Each structure stands twice: as C-alpha cells, then as structure tokens.
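This briefing concerns a single protein chain, shown below. The points that follow its lead paragraph are grouped by topic.

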Amino acid sequence: MSWLERKGRRRWLAGLACVLAIAAGAARADTPANGRSEQMLRQIEAAYLYKFASYVEWPPEAFAGPDSNFTIGLAGADALADDLEASLAGRTVDGRKVVVRRLRRGDPAADVQMLVVGELDAHWARELNAAIKDRPVLTIAEPGAGGGFGSMISFAVVDDRLRFEVALRSIKPSRLKVSALMLSAAYKVEKGIP
C-alpha cells in the first residue's frame, strides 16, 4: 500500500470515526457493559450508511432529475428506519436532500439510490432483486439478514463491533463507482467478478 493510499485510508477512517462518535454519544445510557445494545448498533449502522453515500458515485440515470432527492429505501428494516430518519434529518448527499422511505411488499424500489434489507422472506427478496436488476441502486443487508438477497454490502457483527463486507461482483452491473478508500475500510472484500 503506497503512502498516498495509507493517507487516504486514514482520512476515510477519521471521517467515519467522527460520525461514529456522534452516533455513540447519542446512544442510550443503558447500553450493556458486556456488549453493544441493538439500538447502538443501529445508530452506528445509520452512520455507516450516510458515510457510504460519500464514497459511492451514482450515474446520472440514478436520479429522475437534477433536483431529485437522495432516497434510502428500507425493506424489512423498520427499527433501523427510525434511527436513520432521526440521524439524517436535514442532511444532504451531493446537494440532494436525503429521504428515508420504508418499503412494503409491492412498493416500487427502482427509484431509490440505496436499498437496505432486513429480514425478508425469499419471495420478497426475489421481487426486490427483479425490481432493481441492473439499476444503479446500492444494496445493503443488515447483520444476519437478507433472505437470500444478493447485497453489495453486508453488515456483520464481528468481535462485538459492526463491520461491513463488500461484494464487488454484485456492484459491477449497477454502474456504481465505489471509492478505493471505502474498500480499504471494509472488513472483507469479495473480489470475484463473474
């Protein structure tokens, strides 16, 4: 790893550390001493999601127009939606207002820029996959969730810490460009491209 790559990685991690510190400060005081509460993990996950938006480039066709919102859709992840709405209120991504939308079965999913999936049954996972196939939508699975959903980023709790893994083979058809800085901060990167 070159000096420039190390410097960029440190900047990415420092920015993420600031966001995570804010999320940690907002956590409830009743967090168990022997591990992080589910609410704390959701707040950290919300911080990661916002940070991901800074390190992914969406093609112009990902938005209906120049004034369109940056929409994060959540399917089967209602608990996270509450924390995400609170932490992202008034925030923007590349000058676009961030909007959090809870998806129900049958809701359109192709008009979101990020799709976060929680616990889904296999049928709903197939429906969502079909709706966003080859669309520029960053897909993210919550820890231990997805119901067979082929996500680009998957959260996992490792050593009592929230980490993320990236599947490059899933990103390529979407035409999204993921920063090398984000990849260097990932716990694991699956590099196989079909």
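Leaving aside neighbours within four places in sequence, F52 is in contact (heavy atoms within 4.5 Å) with M114, L138, I140, I153, F155, F164 and M182. F52 is also among the residues with the most contacts inside the largest nonpolar core, together with M114, L138 and F164. The model is predicted: local features need pLDDT of at least 70 and side-chain atom pairs count only at pLDDT 80 or more, whereas totals for chains, interfaces and linings use all residues. Residues are numbered from 1 along each chain as its sequence is written, and side-chain values use heavy atoms, with hydrogens and water left out.

**Overall composition and confidence**

- The chain contains six helices and 10 strands; helices (H or I, at least four residues) and strands (E, at least two) are DSSP runs, numbered from the N terminus.
- Of the 194 residues, 45% count as buried, where buried means under 20% relative accessible area, exposed over 50%, and partly exposed in between (1.4 Å probe, protein chains only).
- Among contacts between residues at least 6 apart in sequence, 60% join residues at least 24 apart.
- The mean pLDDT (the predictor's confidence in each residue, from 0 to 100) is 82 for the chain, and 78% of residues reach 70 or more.
- Confidence is lowest in helix α1 (residues 3–26), with a mean of 49, and highest in strand β1 (residues 56–57), at 96.
- The pLDDT is below 50 over residues 17–35, a stretch that has 17 contacts in the model beyond near neighbours in sequence.

**Nonpolar cores**

- A nonpolar core is a set of buried Ala, Val, Leu, Ile, Met, Phe, Trp, Tyr and Cys residues joined through side-chain atoms within 4.5 Å.
- The largest such core has 41 residues, and its largest share, nine residues, is supplied by helix α2 (residues 38–54).
- Another core, of 14 residues, lies apart from the largest one and includes A75, V112, L115 and A125.

**Packing of α2 and α3**

- Helices α2 and α3 (residues 78–88) pack at an angle of about 55°, with their axes 9 Å apart; α2 is therefore oblique to α3.
- Axes are lines fitted to C-alpha atoms, for helices over the stretch in contact, and angles run from 0 to 180 degrees between N-to-C directions.
- Angles under 35 degrees count as roughly parallel, over 145 as roughly antiparallel, 65 to 115 as roughly perpendicular, and the rest as oblique.
- The crossing of α2 and α3 is right-handed, a term applied if the near helix is turned clockwise from the far one by less than a right angle, with left-handed used if anticlockwise.
- From α2, the residues making the contact are Q39, R42, Q43, E45, A46, L49 and Y50; from α3, they are A79, L80, D83, L84, S87 and L88.
- Within α3, the residues L80, A81, D83, L84 and L88 are buried, and their cover includes α2, β2 (70–75), β4 (96–103) and β5 (114–117).

**Buried strand residues**

- V116, found in strand β5, is buried, with a relative accessible area of 0%.
- Not counting residues up to four places away in sequence, V116 touches E45, L49, I72, G73, L74, A75, L80, I140 and E142.
- V116 and L138 are 22 residues apart along the chain, and their C-alpha atoms are separated by 8.4 Å.
- T71, which lies in strand β2, is buried at a relative accessible area of 10%.
- With residues up to four places away in sequence left out, T71 touches V99, R101, D111, V112, Q113 and M114.

**Partly exposed residues and positive phi**

- D160 has a positive phi of about 65° although it is not a glycine; D160 is found in the loop between β7 (153–158) and β8 (161–167) and counts as partly exposed at 38% relative accessibility.
- R175, likewise not a glycine, has a positive phi of about 65°; R175 is found in the loop between α5 (168–171) and β9 (177–178) and is partly exposed, with a relative accessibility of 38%.
- H123, in helix α4 (residues 122–132), is partly exposed at 44% relative accessibility.
- The C-alpha atoms of H123 and R105 are separated by 9.9 Å, with the two residues 18 apart along the chain.
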